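Please keep the structure in view while reading.

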Amino acid sequence: MYVRLSDGREIPMEMHKVRIVQKTNLPPAAQRLAAMEGAGYNTFLLRTRDVFLDMLTDSGTNAMSDNQLGAMMVADDAYAGSESFYRLQDAVKEVLGFEHTLPVHQGRAAENLLSKAFVKPGDVVPMNYHFTTTKAHIDLNGGQVLELYTDEAMKTDGTHPFRGNMDVQKLKETIAEYGAEHVPFVRMEATTNLIGGQPFSMANLREVKAVAATHGIPLVFDGSLISENAFLIRQREAGYADKSIGEIMAELMSCVDIFYMSGRKSAAARGGLIATSSEEYYGRILPWLPVYEGFATYGGMSTKEVEAMAVGIREMTDLDTAGSGVEFVRYFVERLVARGVPAVTPPGGLAAHVDAMRFLPHIPQEEYPAGALATSIYLASGVRSMERGTVSTDPDESGKDVLADLELARLAVPRRVYTMSQIEYAVDRLAWLYAHRHLVKGLKFAHQPPVLRFFFGRLAPLEDWGRELVRAFEADFGTEC
Ligand code: F0G
């Protein structure tokens, strides 16, 4: 919720109070440099004790509600038949309308099961955009991801309200080209993560569903960020301003054959699930669940997390909860843009994204501008962001880099975790970095793992620019912070 102050300013209002806190630490710049060198210029390899604001991700880092914590205390520990599972299944049915729920330990486990059950070598899977783990599982099963995004999707300074839409014409052409028998499902990702947390519209989902249904192809919905997409539909799509988040979610689900989610984001827990009302799809996936995850009533989660997810799924429909991240993201992005920093617009659902190709135009993509931006943000602020560009894109079969469509540094906003002054601090240090961007140079790989290289890869700065940057920072702010 945004509130207008008497001086005309508008600010996002926290509709919760903080009753448990965790101390954080702001290491001085010289210490940040040592930590970054130790982490091989990869923010994934930093320890949290060296991080001031952890904006690496909003996954598993959201503040839980008192009701979630309370529910964890009444978890029913059982290998089979746990009451906790039935409470989760009831919540899914009530909020999302599906008969069957298959719990899994997190979102990528759902992707593994879906890919195992549906994708055969030679298949293609059309989607509005890929997510790293989704693509990895489809590839591992011999399938190919086809991204059917619209022309608006890659405009990082765009104004289109639904840059996560699928190009429906391209979907028709793809099905005609490959044949429906080679398209096991069409996937739509809510609040499309890798293109800046951009939502799709209800109208677009309906059109995609209509095309898929004509050919008997199931629609799979990645709802890891479902409440954010629903919140943005309510704000941006004509006819939805007076609908509740629950009503919008139910309308979205009326188009969906198989739903899955990482429960670590919108649901503020640490698990995942697949849900469907189709007996056939349920029957296809169920046998694999105990092989990879656990029995069908816990799926690799602790029953405490199953309880937290059940409450989290109900709370996703609350307007203040659904907006708790989105409204802070909007403020963050608007403040960055006001300071001249090339943040991705319009603001998306999970993070402020900064366009590294506009921030660091002197760094060619082969030298990983988004990686350089993420590391320099940490050096200038102690804020940990995530590279979402060529480092996060695995090389082709010959080992050659595949240049990413976008080079972004993602500053995720975990829900209900950070305050306005912490956001202001991040904005200010990014503005300082932008003024000193000429000091930042590229990176090269020192160690490259064979798959999802961004997790454990180690890089090195070209020309040792980290030291130069820290020297400039200390000249302006001293050696204490
Ligand atoms: N789908 C989407 C849209 C996601 O954003 C994620 C995770 C997953 C699937 C996989 O779920 O992590 O529970 O296995 N996104 C995290 C992130 C990792 O940082 O954006 P998971």
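In this predicted model, helix α1 (residues 29-38) packs with helix α15 (residues 369-381) at an angle of about 150°, their axes being 7 Å apart. Because an angle over 145 degrees counts as roughly antiparallel, α1 is described as roughly antiparallel to α15.

**The α1 and α15 contact**
- On the α1 side the contact involves Ala-29, Arg-32, Leu-33, Ala-35 and Met-36, which meet Thr-375, Tyr-378, Leu-379, Ala-380 and Ser-381 in α15.
- Sorted by class, the residues in this contact of α1 with α15 are seven nonpolar, two polar and one charged.

**Lys-444 and its surroundings**
- Lys-444 lies in strand β15, which spans residues 443-447, and its relative accessibility of 45% is why Lys-444 counts as partly exposed.
- Apart from neighbours within four places in sequence, Lys-444 is in contact with Tyr-368, Arg-458, Leu-459, Ala-460 and Leu-462.
- The C-alpha atoms of Lys-444 and Pro-461 are separated by 6.5 Å, although the two residues are 17 residues apart along the chain.

**The chain as a whole**
- The protein chain contains 18 helices and 16 strands, and 60% of its 481 residues count as buried.
- Among contacts in the protein chain with a separation of 6 or more, 73% come from residues 24 or more positions apart.
- The accessible surface of the protein chain is about 18,700 Å², and 52% of this belongs to carbon and sulfur atoms.

Note on methods:
Residues are numbered from 1 along each chain as its sequence is written. This is a predicted model: local features need pLDDT of at least 70, side-chain atom pairs count only at pLDDT 80 or more; totals for chains, interfaces and linings use all residues. Side-chain values use heavy atoms; hydrogens and water are left out. Helices (H or I, at least four residues) and strands (E, at least two) are DSSP runs, numbered from the N terminus. Buried means under 20% relative accessible area, exposed over 50%, partly exposed in between (1.4 Å probe, protein chains only). Contact means heavy atoms within 4.5 Å. Axes are lines fitted to C-alpha atoms, for helices over the stretch in contact, and angles run from 0 to 180 degrees between N-to-C directions. Angles under 35 degrees count as roughly parallel, over 145 as roughly antiparallel, 65 to 115 as roughly perpendicular and the rest as oblique. Ala, Val, Leu, Ile, Met, Phe, Trp, Tyr, Cys and Pro count as nonpolar, Asp, Glu, Lys and Arg as charged, and the others, Gly among them, as polar. Accessible areas come from the Shrake-Rupley method with a 1.4 Å probe; for residues, only the protein chains shown count as cover.
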